Amino acid sequence: MAVTRTFSIIKPDATRRNLTGAVTKMLEEAGLRVVASKRIQMTKEQAEGFYAVHKERPFFGELVDFMISGPVVVQVLEGENAVKANRDVMGATNPADADEGTIRKAYAESIEANSVHGSDSDENAKIEIDFFFNEDEIVG
Ligand code: ADP
Ligand code: MG
């Protein structure tokens, strides 16, 4: 297996409850290294652009409003097979379906306010990393 990168967001429901450290600890314990991190307030345009793949889904407008409802922490994570390692520790989209030991089981409030985003492929990880970070902000 190769060391790869993925992109993570600690969502507004988690930053609001002061869970940035708790979520990051679970990411680190899953073998992922935070090689870039910044706390930002997303603009509506950024949230719409980031989630453009979901724009035909019925929850798109609410999702955008949720993602700009408070600060988020955007991160680049590095590790062995990073996309899968991150998706595994995140758990299912709906916390009702998430396994014990996952971030969403521990912290998510609902299928929408589910505490974390993680890229779903290496290709999308690169696109999402480039959306929020310059290469000189990523220090492994
Ligand atoms: P994931 O974040 O697990 O990759 P998706 O890419 O399918 O899930 O969806 C993106 C985000 O949209 C989810 O993390 C969640 O915040 C929101 N979402 C997904 N499905 C629903 C839904 N049925 N109702 C409301 N929000 C949803
Ligand atoms: Mg997704």
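Predicted model: local features only at pLDDT ≥ 70, side-chain atom pairs only at ≥ 80, totals over all residues.
Residues are numbered from 1 along each chain as its sequence is written, chains are lettered from A and ligands numbered from 1 in the order in which they are written, and side-chain values use heavy atoms, with hydrogens and water left out.

Thr-24 is placed in helix α2 (residues 20-29); helices (H or I, at least four residues) and strands (E, at least two) are DSSP runs, numbered from the N terminus. Residues up to four places away in sequence aside, Thr-24 touches Ile-10, Val-34 and Gln-75, contact meaning heavy atoms within 4.5 Å.

Across the whole structure, six aromatic pairs are found. Rings of Phe, Tyr and Trp (its six-membered ring) pair if their centres lie within 6.5 Å, and planes under 30 degrees apart count as stacked, over 60 as edge-to-face and the rest as tilted. The Phe-7 and Phe-132 rings are stacked, because their centres are 5.4 Å apart and their planes are at 5 degrees. Since Phe-7 lies in strand β1 (residues 3-10) and Phe-132 in helix α7 (residues 122-132), this pair ties together parts that are 125 residues apart in sequence. Phe-131 and Phe-132 form an edge-to-face pair, 4.9 Å centre to centre with 65 degrees between the planes. Phe-132 is buried, at 6% relative accessible area, while Phe-131 is partly exposed, at 36%. Ring pairs link Phe-7, Phe-50, Tyr-51, Phe-131 and Phe-132 into a cluster.

Definitions and conventions. Buried < 20%, exposed > 50% of the residue type's maximum accessible area, 1.4 Å probe, protein only.
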